[in-house]
Amino acid sequence: MSVTVEFSLNGRPCCVEVPTHWTVIDLLRDRLDLTGTKGGCGEGVCGTCTVLVDGEPARACLMLAAHLRGRALLTVEGLERDGALAPLQEAFARHGAAQCGYCTPGMLMAATALLAGHRDGAAGRALTDGQVREALAGNLCRCTGYHKIVEAVLAAASGA
Amino acid sequence: MRLRPFALSEPGTVGEAVAALAAGDGEARLVAGGTALVPMIRLGLVAPDRLVSLHRVAGLRGVSTVHGHLELGAMTTYGHVERHPDVRRGWPLLALAAGRVASPAVRSMGTVGGNLAYAEAASDVSPALLCLEAGVRVAGPRGERTVPIGELFRGFYETALEPGEIVTAVRVPALPAGARSGYVKFCSRSAEDKPLVGVAAVLRMADGGTGCAEARIGLGGAAPTPIRAPAAESALRGAELTDATIARAAEAAAAEAEPLSDVMGSADYRRRMIRVWVRRLLADLRAGRAVVGSPS
């Protein structure tokens, strides 16, 4: 059984027919060839498949593709603008915030949501180390590279 | 890894959802946020032939206040509850507990109604809702009813919901004037885990005194279901909140709990941690400290 799903994909309208038992990560990787989003535990625990749905972080492995209908999906492929990396991505590169890189797309998406929420909600107040760690608590890095990742997010937040 | 195939129906009203659950062959399950159901399907713990999605059902999302009560649509996410100004102002205990659920990504997906229907024993939100004496609105083939949350949980992942019934809303009464409330969560592994032990409490002090007029304590991870701790509550009610009273209440909570052993910790360890975290929460509430997350 399949359903037709219309949604916004990285800012562009998208309409696909998708099997009802497919999750968002199945759709991204195996139908749309957007392989930036990585699959991990499949149970919502590791965070590596994190994407943004209507601006909020969501687990692509837990969300049925059918539930994308009418919503705005942002994946790591949608972060760059006019061929240039987003400032957050630049900060990750500059701070060496990746080792094997498998968790990086999920980290970037969770941090993107944090930075957007912070811009909207706490104008003028600097993001703290604790807030970054809390926002990334559901994203595991098995190379144990958390320090560099937190540094990169804080640098991006301060515009450094 | 793909999920085992299932058919999907996406009704637009509660009535259609109730009908869709009953219609057709094979096992049907409701899906809300999917944070519990999808892992269960992936792990082979359930194998539904059909899912009935609540995503297109009108009127199941949102927070409102009605005659001083808080009304949460069943499809309201924890993230929404955590951030909503009315919840933070009038029901801070609920905002606090919702904000401690797993990670931001799970809070943006998981729903209040889904968590109750799943009857997660180590829920963050259920101990708070037990303390707040919420009513769970349910619709089913025989109409609508309200199940007091104290009667909802029947056993390990088992509720008082009849076959075909759907949680539609949660109604939360106002806290007594002047009540203090808090939630603490202790994780034995990592911060975004389910609680090994979660403790919610509401205390109302006697007018002009230091005695405790009313006490409500809710526990997660302490039994096969979320529970109230009536013996601990009686140890507090009418008593001066001395260290000895608090210790007695914590001891009573540990004694009346029926913890299970699992990968997070043994039953014995859980019982000891219940004693510790009930004591710490009560001491912080006595001191009038706003309790956010883990008290010192």
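Student: How many bridges join β6(B) to β10(B), and which way do the strands run?
Tutor: 5 bridges join them, and the two strands run antiparallel. Strands here are DSSP runs of E with at least two residues, helices are runs of H or I with at least four, and both are numbered from the N terminus. As for pairing, two strands pair if DSSP finds at least two bridges between them. One bridge partner set is B:Gly135 with B:Arg171 in β10(B).

Student: Before we go on, what am I looking at?
Tutor: This is a predicted model, where local features need pLDDT of at least 70, side-chain atom pairs count only at pLDDT 80 or more, and totals for chains, interfaces and linings use all residues. Residues are numbered from 1 along each chain as its sequence is written, and chains are lettered from A and ligands numbered from 1 in the order in which they are written.

Student: What's the mean pLDDT of chain B?
Tutor: The mean is 95, with 98% of the residues of chain B at 70 or more. That score is the predictor's confidence in each residue, from 0 to 100. The model also scores ipTM 0.93 and pTM 0.95.

Student: Back to the sheet. What's the strand order in chain B?
Tutor: It goes β4-β5-β10-β6-β7, an open sheet of 5 strands with antiparallel pairing. β4 (63-66) and β7 (143-148) of chain B each have a single partner strand, so one side of each has no neighbour in the sheet. From one strand to the next, the twist averages 25 degrees.

Student: And what joins β5 to β10 in chain B?
Tutor: 4 bridges join β5 (residues 69-73) to β10(B), running antiparallel. B:Leu72 stands opposite B:Val170 there.

Student: Is β10(B) mostly covered or mostly open?
Tutor: Mostly covered: 6 of its 7 residues are buried. Buried means 20 or more other C-beta atoms within 10 Å of a residue's own, exposed means 12 or fewer, and partly exposed is in between, with C-beta atoms placed from the backbone. Helix α1 (residues 14-22) of chain B lies across β6 and β10 (166-172), at about 135 degrees to β10(B). Angles like that run from 0 to 180 degrees between N-to-C directions, with axes as lines fitted to C-alpha atoms, for helices over the stretch in contact.

Student: Switching topic: why does B:Ser126 count as buried?
Tutor: Because B:Ser126 has 29 C-beta neighbours inside 10 Å. B:Ser126 lies in helix α8 (residues 125-131) of chain B. Leaving aside neighbours within four places in sequence, B:Ser126 is in contact with B:Asn115, B:Leu116, B:Gly220 and B:Pro226. Contact means that the C-beta atoms of two residues, placed from the backbone, lie within 7 Å.

Student: Where is A:Cys141?
Tutor: In the loop between α4 (129-135) and α5 (146-157) of chain A. A:Cys141 is buried too, with 22 other C-beta atoms within 10 Å. Not counting residues up to four places away in sequence, A:Cys141 touches A:Cys103, A:Tyr146 and A:Ile149.

Student: Last one: how many residues of chain B are in contact with chain A?
Tutor: 27 residues of chain B, meeting 25 residues of chain A. β1 (7-9), α2 (37-42) and α6 (104-107) of chain B each supply at least two residues of that side of chain B.
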